[in-house]
Amino acid sequence: MSVIFYNDHIFMMTSKEIRQSFLDFFASKGHKIVPSAPMVIKDDPTLMFTNAGMNQFKNIILGNDPIQYPRVADSQKCLRVSGKHNDLEEMGHDTYHHTMFEMLGNWSFGDYFKAEAIAWAWEYLTEVLKLDKDRLYATVFEGAPAEGLGRDDEAAAIWAKYIDPSRIINGNKHDNFWEMGDTGPCGPCSEIHIDLRPDSERAKVDGKSLVNSDNPQVIEIWNNVFMQYNRKADGSLEPLPNKVIDTGMGFERLCVAVQGKTSNYDTDVFQPLLAAVGNICSCSYGKDAKVDVAMRVVADHIRTISFAITDGQLPSNAKAGYVIRRILRRAVRYGYTFMNQREAFMYKLVPALIANMGEAYPELKQQQTLIEKVIKEEEDAFLRTLETGIRLLDKVMREAKAAGSKQISGVDAFTLYDTYGFPLDLTELILKENDLTLNHDEFQVEMQKQKDRARNAAAVDTGDWVTLKEGETEFVGYDLTECETEILRYRQLTQKNKTYYQVVLSKTPFYAEMGGQTGDSGVLANDAETLKVDDTKRENNLPVHILKELPKHPSAKFTARIDVNRRAATEANHSATHLLQAALREVLGTHVEQKGSFVSADCLRFDFSHFQKMTPEELRMVERKVNAAIRANTPLDEHRDMPIAEAKKLGAMALFGEKYGDKVRVIKFGKSVELCGGTHVSATGKIGFFKIVSESSIAAGVRRIEAVTAERAEMLVEHLQDVQTEIKDLFNNAPDLMASVKKMFEDNSSLRKRVENFSQQRALQIRDSLLERAETIGDVKVVRMVGNENPEILKSIVPFFKGKFADVKFLLVVGTAYEEKPSLLIFLSQPMVDAGFNAGKMIREAAQAIQGGGGGQPFMATAGGKNVAGLNEAVEKVISMIQ
């Protein structure tokens, strides 16, 4: 590792000191220092993860939230693995991409602009961190004449005050014009790059020529975005009313520059993790290139997975959970392939991560047990998947070799990848070891089909907002179920060939889906028309009402009226989740914390931390406590706009993975005290009745209760009573129903044993009969039969023939019509398979005679069909194949 000297001495600030120095510097410039938002985003349909520092300020930038602090700075934990910022496949192979990373940033909302942003960036880098000025370069937007955009001469002129003009580089639109998306705020940006190469290399090649050329030693460390335009749906630009400064500096890269390293992984951000990986996996960093990649992958991914779990995102098979599972499995697979890890090991790295980052992010320590349990369970499950995948791949390879092929189908490889989660590169590695190759074209065709399906399912054509009136939505739904209102703006959306409209109202009683509670439905009405509101969503913190058609006169006044019955049912379920959490903490202990919830008019779902299955007695105790709280008819004690410090003193718990403002809403029902923005019953008695439907595990250390209340709970009890009555009728209203059921099972077990004994005896009879029928055709010993025996009995005697005829050519072919359903069975001895015969292929051809199909392995295959009359023909067709 080369060491970079700055001004004849080495700066060895620790990463913790660097992070704090940034926050202190901008605090001195009048910035409000705010905590990192959760890495996992829960209420934005356009994003699964925070992938940039600006995400938590998106609603302010869009004008949907008021500006509370005009100047803000923070260190934001980010995750980039998909879409525009897909770094996952590169991660580990280079030394400067990461899945989870920290982004240092400062923002101005309608306050300062380019002059201050550039001046402070230069001051921090060169005066506070003492970076060598001669190693720094600045880029500015060169312009885009096709869009009527000229060069950012303003930024260039400001930079010229601090840096030689020769070090100011024009950048194209791809590198130097930032856009939030296809529509929305955008503007030119100015990047700061640093040349970390030794002086000897700098003397040979000017660093200016290496800026934005993917040189790992000439890298971008800070991007200053000057948001001054709004991109409309037609592609045109209009000025933003409030200009925004949005800067982002990669923390890990900055540590490289300050600590004089040439790799992110050589800094103290990653060195403790790499050391822990080496100790656990018995390997060393820097000795083997492939092992180094694996160690970098594991060190990076353990950060991502741990932070995601603390933010409430557990690995799963859907959406954000699938991304986290994919990252975890990628790390396990690298450990499996390159570090010989055949047992779970990543969960053992959590203490090292906490030692390194727990001070800046205390949620890691607070959630340590959960993180470790979830990761270990996921590791164990995927290691079983790898074993299954290897067995399946072995089968595919055997079939390819039996067919004389040196290549396996890309379709088979994609099935392993997509259905079983078996990594493609591991498939290729095993194929190479067996002198086989993969049909990549077929694999890519299947992959493209999957991407097209996903893209088509998610594609949304969004029109521009049509603004009728300026203003912000006032939510009155805590107090009212209807109100007079006007439409502020609307837009048309098309998805899956269906058109609908998003409507923003000046005042609304409709609760927009958030925090696990589904949105309200209802109507928008006046004397001229009544329009159905199908749903209410929250987009960029803006409540939008979903309609299938627009009013004939959008500028008219309307009455917004919610479906009160649906709201009442939803409120009953929501309030019940609060009572449920309080009851769980009483029964199970105070370690119980909410990990997710879903509340609709039909049911409630509550996820919570607990490390074992609840007993029937515990579930009954919880039900009784919740129903006792309902009968107490405790009135709602609501506190709006309470300072969060006071709310915590009141006993309200802040949930991990949620971001709260300085003022919060507190919902209190007796002992239950929670921070909550949802709607609730006015008193617990209105919940009516609470009944648990199920309790299950959704991840290591996380349980899920599903329950119903009110009318749905009554319906459930009625259904259970009906089932009980029907069962009693089956037993002629026996006075002791349980005794009758037990006796039935005992009788059934006795009869089953008698049937099994009979089947074994019958199998021996059939076996002996078949042996007597054995004939020789050429050099093959053949046993054939057509009858009406149970196919399972016939299968049970195959092992006998397999052992008896292990060293000779032998064929068993049986056709049977059991319960009027024709089926075939073929068994071949190993010498027959070695001679090129394949039972699976033979049975597919023979099954045509019974109008059916089947398959199996080269030595044994079965088939079913529809045509009993074709059994003899099918058996004879098999015989003809060996003649």
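Lys 395, Arg 398, Glu 399, Gln 857 and Pro 858 form its lining. Please keep in mind that this is a predicted model, where local features need pLDDT of at least 70, side-chain atom pairs count only at pLDDT 80 or more, and totals for chains, interfaces and linings use all residues. Residues are numbered from 1 along each chain as its sequence is written, and side-chain values use heavy atoms, with hydrogens and water left out.

A word on terms: on a 1 Å grid over the protein atoms alone, a cavity is a set of points where a 1.4 Å probe fits but cannot get out, while a pocket is an open set with protein on both sides within 12 Å along at least five of seven lines; lining residues have an atom within 4 Å of a point. Points are joined across faces, edges and corners, and a volume is the space filled by probe spheres set on them.

The count comes to 2 cavities of 30 Å³ or more. About 60 Å³ of space lies in the largest cavity. Helix H1 (15-27) and helix H11 (350-357) each give two or more residues to the lining of the largest cavity, and H1 gives the most, with 3 residues. Helices here are DSSP runs (H or I, at least four residues) and strands likewise (E, at least two), numbered from the N terminus.

The second largest pocket has a volume of about 480 Å³. Of its 29 lining residues, Arg 567, Ala 568, Glu 571, His 680 and Val 681 are the closest to its centre. H17 gives the most to this lining, with 7 residues.

Here are the linings by class (Ala, Val, Leu, Ile, Met, Phe, Trp, Tyr, Cys and Pro count as nonpolar, Asp, Glu, Lys and Arg as charged, the others, Gly among them, as polar).

| Lining | Residues by class |
|---|---|
| Second largest pocket | 10 nonpolar, 9 polar, 10 charged residues |
| Largest cavity | 3 nonpolar, 2 polar, 4 charged residues |
| Second largest cavity | 1 nonpolar, 1 polar, 3 charged residues |

Just after H15, Asp 435 takes a positive phi of about 55°.
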